[in-house]
Amino acid sequence: MKSRRKSRELALQALYSKEITGETLTKIFCDIREANEEADEGVFTFMERLATTVSEKEKELDDIIIKQCKNWELDRVAILDKNILRLGIAEILYFEDIPPKVSIDEAIELAKTFSTEKSGIFINGILDP
């Protein structure tokens, strides 16, 4: 679904911004809404639900990533990749209406679009071992 893809992109933007700037998600959501006036309300609703879930469950999500990243420290994972992994895992665990395969595929697409050339393979390896 195209609007969910846009929501995921904006959620990734929000989480990245939060990590880099230290701003609150509430402030970041307002900025994103302002910058994306053309998007419909459903895009923002799913973005906020997804980013808020990731933020609230960050420690739990990071623990899962650490278990899957054999021989890698979490701080060695690029910020974008870490947030893409958090998004994918959060969807798998907390969004029962979304099939896990869709969440994995969407995370891989986010990595291919916004991160490095090899990030899609890395994300796939962690989410779909």
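Reader: Is Lys-59 buried or exposed?

Author: Lys-59 is exposed, with a relative accessible area of 60%; buried means under 20%, exposed over 50%, and partly exposed in between, for a 1.4 Å probe and protein chains only. The model is predicted, so local features need pLDDT of at least 70 and side-chain atom pairs pLDDT 80 or more, while totals for chains, interfaces and linings use all residues. Residues are numbered from 1 along each chain as its sequence is written, and side-chain values use heavy atoms, with hydrogens and water left out.

Lys-59 forms a salt bridge with Asp-63, the closest N and O atoms being 3.0 Å apart. A salt bridge is a side-chain nitrogen of Lys or Arg within 4 Å of a carboxyl oxygen of Asp or Glu. The two residues are four apart in helix α4 (residues 58-68), which means that about one helical turn separates Lys-59 and Asp-63. Helices are DSSP runs (H or I, at least four residues), numbered from the N terminus. Asp-63 counts as partly exposed, at 28% relative accessibility.

The whole structure holds 14 salt bridges. Another of these joins Arg-86 and Glu-19 (3.1 Å, N to O). Arg-86 belongs to helix α5 and Glu-19 to helix α1, so this pair ties together parts that are 67 residues apart in sequence. Arg-86 counts as buried at 3% relative accessibility, and Glu-19 as partly exposed at 34%. Both belong to a network of salt bridges that links Glu-19, Glu-58, Asp-62, Lys-82 and Arg-86.

The axes of α1 (residues 2-21) and α5 (residues 79-94) come within 10 Å and cross at roughly 130°. That makes α1 oblique to α5: angles under 35 degrees count as roughly parallel, over 145 as roughly antiparallel, 65 to 115 as roughly perpendicular and the rest as oblique. Residues of α1 including Arg-8, Leu-12 and Glu-19 meet residues of α5 including Leu-80, Lys-82 and Arg-86, where contact means heavy atoms within 4.5 Å.

Arg-4 lies in α1 and Asp-97 in the loop between α5 and α6 (100-114), 93 residues apart. Arg-4, at 23% relative accessibility, counts as partly exposed, and Asp-97 is partly exposed, with a relative accessible area of 49%.

Methods. Axes are lines fitted to C-alpha atoms, for helices over the stretch in contact, and angles run from 0 to 180 degrees between N-to-C directions.
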